[in-house]
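Here are my notes for your first read-through. Keep the sequence and the model side by side as you go.

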Amino acid sequence: DVIRCYHAGAAMVHLHVRDKKGKLTSDLALLEQTVSIIRKETDMVIEISTGGVSDLTIEERCRPCTAPWIEVNSLNVGSVNLGEAVYQNSIQDVKYCVKQILGNHKWPEIEVFELGMINTVLELSREFSFSKPILFAFVFGHGGEMPATPQALHHMRTYLKELFPEERQALWGYTEAHRKDWKMVEMALDSGASAIRIGFEDSHMLSPEEIAVSNEPLVKKAVELVHERKMECMTPFEIREMMKGNVSC
């Protein structure tokens with residue numbers, strides 16, 4: 001499915017690795033096997049999650065940061081309710097994760113579920129040397145966190161600009177849990193999003209009436225929306241150059 005999404009236009013993949021029972025695992029052998037299959041046919045940027053509501057310790061969650069064949073790791077900077085689940089990320093765990101990501105020369109994609117988490121990143125940036133641009137992944141739509149509304153998106157965008165006002169200092173992407181249509185995805189693209197995350201982790205819906213059978217048609221729809229705006233999707237090469245601060249997006 002990842003390889004098909006690559007050929008449909010996706011340049012980066014966000015992965016969790018699970019065992020045969022569907023539970024999140026820190027088994028790097030399983031992770032390496034998955035990545036090697038993707039690498040045989042694509043050059044896409046691979047991001048491995050350090051999160052997920054699970055019983056893994058923070059050390060286990062951060063184990064993928066040590067893998068030399070991983071370029072990007074997600075970074076969760078606070079605790080939040082996700083539906084009936086509690087996503088716990090103490091500041092001590094957050095700082096441990098930052099050290100593992102930066103210490104292993106990975107690029108963090110920072111998952112932000114609430115307005116105050118943007119301020120947490122500002123505080124962390126005073127203690128740690130984040131490479132620029134810092135990429136924020138705004139997550140909307142879970143019960144208990146920011147709703148997927150125009151007002152919420154506006155607040156997140158304007159607060160990010162307030163705290164990180166310099167050009168190219170920070171970029172943001174859009175993720176919507178339980179998405180049923182594409183209205184907010186389109187608004188994000190029209191509002192300056194540098195990334196949109198589409199996939200089964202967040203929503204299976206291709207339209208309010210149609211459930212996608214794989215991630216590929218979701219990616220194709222997202223690419224269509226980009227092209228409708230006379231824009232092009234970045235290539236994996238361009239993403240890597242962006243991570244080095246060598247290209248705008």
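Which residues of helix 5 are buried? Hold that thought; point 1 takes it up.

1. **Helix 5.** This is a predicted model. Helix 5 covers residues 115-127. Its buried residues are Met-117, Ile-118, Thr-120, Val-121, Leu-122 and Leu-124. Look at the spacing of those numbers. An α-helix has 3.6 residues a turn, so residues three or four places apart point the same way. Met-117, Thr-120 and Leu-124 can be checked against that spacing on the model.

2. **What helix 5 packs against.** The buried residues of helix 5 pack against several elements. Three are strands: strand 4 (80-82), strand 6 (107-112) and strand 7 (134-140). Two are helices: helix 4 (91-103) and helix 6 (150-163). Find each of them before you move on.

3. **The whole chain.** Now step back. The protein chain has 9 helices and 11 strands. Its C-alpha atoms fill a box of roughly 45 × 40 × 40 Å along the principal axes.

4. **Inside and surface.** Buried residues make up 48% of the 249 residues. The chain exposes about 12,400 Å², and carbon and sulfur atoms supply 51% of that area. Take contacts between residues at least 6 apart in sequence: 69% of them join residues at least 24 apart.

5. **Charges.** The protein chain carries 27 positive and 36 negative charges. The mean positions of these two sets are 2 Å apart.

6. How many disulfides are found in the whole structure? The search finds 0. Cys-62 and Cys-97 deserve a check. The sulfur of Cys-62 has its closest cysteine sulfur in Cys-97, at 3.4 Å. A disulfide needs the sulfur atoms within 2.5 Å, so this pair is too far apart for a bond. Seen from Cys-97, the closest cysteine sulfur is in Cys-62. Cys-62 is buried, with a relative accessible area of 1%. Cys-97 is buried as well, at 3%.

7. **Tyr-174.** Is Tyr-174 buried or exposed? It is buried, because its relative accessible area is 2% and the cut-off for buried is under 20%. Tyr-174 is in strand 8 (residues 170-176). Beyond its neighbours within four places in sequence, Tyr-174 has contacts that include Phe-138, Phe-140, Leu-153, Met-184 and Ile-196. Phe-140 is 34 residues away along the chain, yet the C-alpha atoms of this pair are separated by 8.0 Å.

8. Most residues other than glycine have a negative phi, and most peptide bonds are trans. The peptide bond from Lys-132 to Pro-133 is cis, with omega near 5°. Pro-133 sits in the loop between helix 5 and strand 7. Arg-168 is not a glycine, but has a positive phi of about 70°. Arg-168 lies in the loop between helix 6 and strand 8, and is partly exposed at 25% relative accessibility. Lys-230 also has a positive phi, of about 60°. Lys-230 is in the loop between helix 8 (216-228) and helix 9 (236-243), and counts as exposed at 77%.

9. **Two loop residues.** Asn-104 lies in the loop between helix 4 and strand 6. At 26% relative accessibility, Asn-104 is partly exposed. Setting aside residues up to four places away in sequence, Asn-104 touches Cys-65, Thr-66 and Lys-99. Gln-88 is in the loop between strand 5 (85-87) and helix 4. Gln-88 is exposed, with a relative accessible area of 57%. With neighbours within four places left aside, Gln-88 is in contact with Arg-61 and Ser-79. Gly-192 is 104 residues from Gln-88 along the chain, and their C-alpha atoms are separated by 30 Å.

Conventions
Residues are numbered from 1 along each chain as its sequence is written. This is a predicted model: local features need pLDDT of at least 70, side-chain atom pairs count only at pLDDT 80 or more; totals for chains, interfaces and linings use all residues. Side-chain values use heavy atoms; hydrogens and water are left out. Helices (H or I, at least four residues) and strands (E, at least two) are DSSP runs, numbered from the N terminus. Buried means under 20% relative accessible area, exposed over 50%, partly exposed in between (1.4 Å probe, protein chains only). Contact means heavy atoms within 4.5 Å. Accessible areas come from the Shrake-Rupley method with a 1.4 Å probe; for residues, only the protein chains shown count as cover. Lys and Arg count as positive and Asp and Glu as negative; His and the chain ends are not counted. The place of a charge is taken as NZ of Lys, CZ of Arg, CG of Asp or CD of Glu.
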